[in-house]
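Here is a short briefing to read alongside the model.

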Amino acid sequence: MTVAEIMKKMIAFSQGNIHDIDHLIRVWAYAKTIGELEGLDEHTQFITETAAITHDIACPLCREKYGNTNGKYQEWEGLVLAADFLGDTGMTQGDIDRVAYLVGHHHTPAGIDGPDYQILIEADYIANAEENHYPPENIEQFLNTICKTASGETLIRSIFQV
């Protein structure tokens, strides 16, 4: 499947939840932009975009099961859900495993082990900071401690005027 086909499948999976759909599209757009600006190879770009699209796949289940979408719950539940969701996409098992790993760690900035992981963290942070109106000091802290890509930093500084 192409990125567009995975996006279509994920939108259908979201069952009309406009907030979830809007969020995944924004995270995907930021991840795509950062990845392209950083010069990712085609394969890593595909993995990054697929992880961005599916990163919050567990939110509906978490709302039902736990009554909230706590990041740790999303990671625990999302790892398995993402692997199942991608099973019929034609992706290799290794690629499915990598995307599932990223989904299972997208709220864990410790131990970032590749540009796909770094970019997913940055893209999700930007979308969450917009949605939740993070204060400037929180954004500066992220820039000083977690953000590593030049493109992510440029986007953050432009969006939030910090």
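A cavity here is a set of points, on a 1 Å grid over the protein atoms alone, where a 1.4 Å probe fits but cannot get out. Points are joined across faces, edges and corners, and a volume is the space filled by probe spheres set on them. The model is predicted, so to speak of local features takes pLDDT of at least 70 and side-chain atom pairs count only at pLDDT 80 or more, while totals for chains, interfaces and linings use all residues. Residues are numbered from 1 along each chain as its sequence is written, and side-chain values use heavy atoms, without hydrogens and water.

**The cavity**
- Searching the whole structure turns up 1 cavity of 30 Å³ or more, and the largest cavity holds about 70 Å³ of space.
- Its lining (residues with an atom within 4 Å of a point) includes Met10, Phe13, Asp20, Leu24 and Pro60.
- At least two lining residues come from each of helix 1 (3–13), helix 2 (18–38) and helix 4 (59–66); helices are DSSP runs of H or I with at least four residues, numbered from the N terminus.
- By class, the lining has 7 nonpolar, 1 polar and 2 charged residues (nonpolar: Ala, Val, Leu, Ile, Met, Phe, Trp, Tyr, Cys and Pro; charged: Asp, Glu, Lys and Arg; polar: the others, Gly among them).

**Helix 5 against helix 6**
- Helix 5 (residues 71–85) and helix 6 (residues 93–103) pack at about 160°, with axes 7 Å apart; axes are lines fitted to C-alpha atoms over the stretch in contact, and angles run from 0 to 180 degrees between N-to-C directions.
- Helix 5 is therefore roughly antiparallel to helix 6 (over 145 degrees).
- Their contact (heavy atoms within 4.5 Å) involves Glu75, Gly78, Leu79, Ala82 and Ala83 of helix 5 with Ile96, Ala100 and Val103 of helix 6.
- That contact comprises 6 nonpolar, 1 polar and 1 charged residues.

Key. 1 Å grid on protein atoms, 1.4 Å probe; cavity = no way out; pocket = protein on both sides within 12 Å on 5 of 7 lines; lining within 4 Å. Parallel < 35°, antiparallel > 145°, perpendicular 65-115°, else oblique.
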